Amino acid sequence: MSEGRLTLRDRQRIATGLAEGRSYAEIARRLNRPTSTISREVGRNGGPGDYRPERAHRAAARRARRGTPARSPEAEPEDREVVEVEEGAVEMAIGMGLPKMMARVLIGLWLSEDGRLTAAELSRALKVSPASISAAVSYLTHQALIRRERDPQRRRDVYVVDDDAWYRSTVISSRQTLAAAEIAKAAGETLGLETPVGRRLARGGAFLERISLDALASAERWRDLPP
C-alpha cells in the first residue's frame, strides 16, 4: 500500500505504537500494512524519537499536491516489494543521519546480489552522475560502512559491503567519540572542576568515555553474532 493511503488515524496509531516501544513489524500488523510502509513513514518524518502524526500528515499532503510519479501498474508484485524494501531502507538510513545520496549508495550496495559494485554500476543503477557516486563512496569508506577493493582485471575500484561493515563502522565511531571524551575531560580539568563550565565538560567527557568503551566492548562481543 502506498504512503498516500495512510490516514491521520493511521499515523496516530503509528505514534502510539512507537510510544509503546513496539517494533515496526508489530505496528504494521496492527494497521494491516507492509512493514516497509511503516519504516518509510517513520524514517521520512523524524524517526522513532521525533515522529509526530499531525506533522507527518501535513507533509504527506504537501507531497501529494506536488505530485509524485506513479509506479507502473504492470510492475510485478515482486518488483513492487523490492522497491518498497529499498525505499524503506533508504528512508531509515536518512533518519539515522546519513545524507540522502550516501544512503542510496549504501542501500544499493546492501541490496545488490553479492554486495560488490563499481562506481559505474552504481551510477547506472541509481541514475545519478559519477561525481555524485564519487562523493558518496568517499564518505561511506571514511565511515567504514563500505570498503574499496581494486579489481586488477578491469583496472577499476570495486565498492564492497560485507558482514564486518557495521562492526568496523561502530568501532571507528566509538573511537572518535572516545577521542572527543578525552578532549572534554582535559578541558574540564584545565578550567577547573570547581567551576560550572569545568564540571560540565568533565561530566560530559566522562559520560562519552563510558558509553564509547561500552560500545567497543559490545562490538567485540557480538562481532560474530549469527543471523
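Biologist: What makes you say which residues Ile 146 is in contact with?

Modeller: This is a predicted model, and contact here means heavy atoms within 4.5 Å. Leaving aside neighbours within four places in sequence, Ile 146 has contacts that include Leu 106, Leu 109, Val 137, Leu 140 and Tyr 159.

Biologist: Why is the set that holds Ile 146 called a nonpolar core?

Modeller: The largest one has 21 residues, and Leu 98, Val 105, Leu 109, Leu 140 and Ile 146 touch the most other members. Two or more residues each come from helices H5, H6, H7 and H8, with H6 giving the largest share, six residues. A second, separate core has twelve residues, among them Leu 6 and Val 42.

Biologist: How do you know that the length of H8 agrees with what a helix should span?

Modeller: At 1.5 Å a residue, the 13 residues of H8 should span 18 Å, and its end C-alpha atoms are 18 Å apart, so the two agree.

Biologist: What makes you say that the buried residues of H8 line one face?

Modeller: Those residues are Ile 133, Ala 136, Val 137 and Leu 140. Seen down the helix axis, they fall within an arc of 95°, so they line one face of H8. What covers them includes H6, H7 and strand S3.

Biologist: Which residues are exposed on the other side of H8?

Modeller: Ala 131 and His 142 are exposed there, where exposed means over 50% relative accessible area.

Definitions and conventions
Residues are numbered from 1 along each chain as its sequence is written. This is a predicted model: local features need pLDDT of at least 70, side-chain atom pairs count only at pLDDT 80 or more; totals for chains, interfaces and linings use all residues. Side-chain values use heavy atoms; hydrogens and water are left out. A nonpolar core is a set of buried Ala, Val, Leu, Ile, Met, Phe, Trp, Tyr and Cys residues joined through side-chain atoms within 4.5 Å. Buried means under 20% relative accessible area, exposed over 50%, partly exposed in between (1.4 Å probe, protein chains only). Helices (H or I, at least four residues) and strands (E, at least two) are DSSP runs, numbered from the N terminus. The expected span of a helix is 1.5 Å times one less than its number of residues. The arc is that of the directions from the helix axis to the C-beta atoms.
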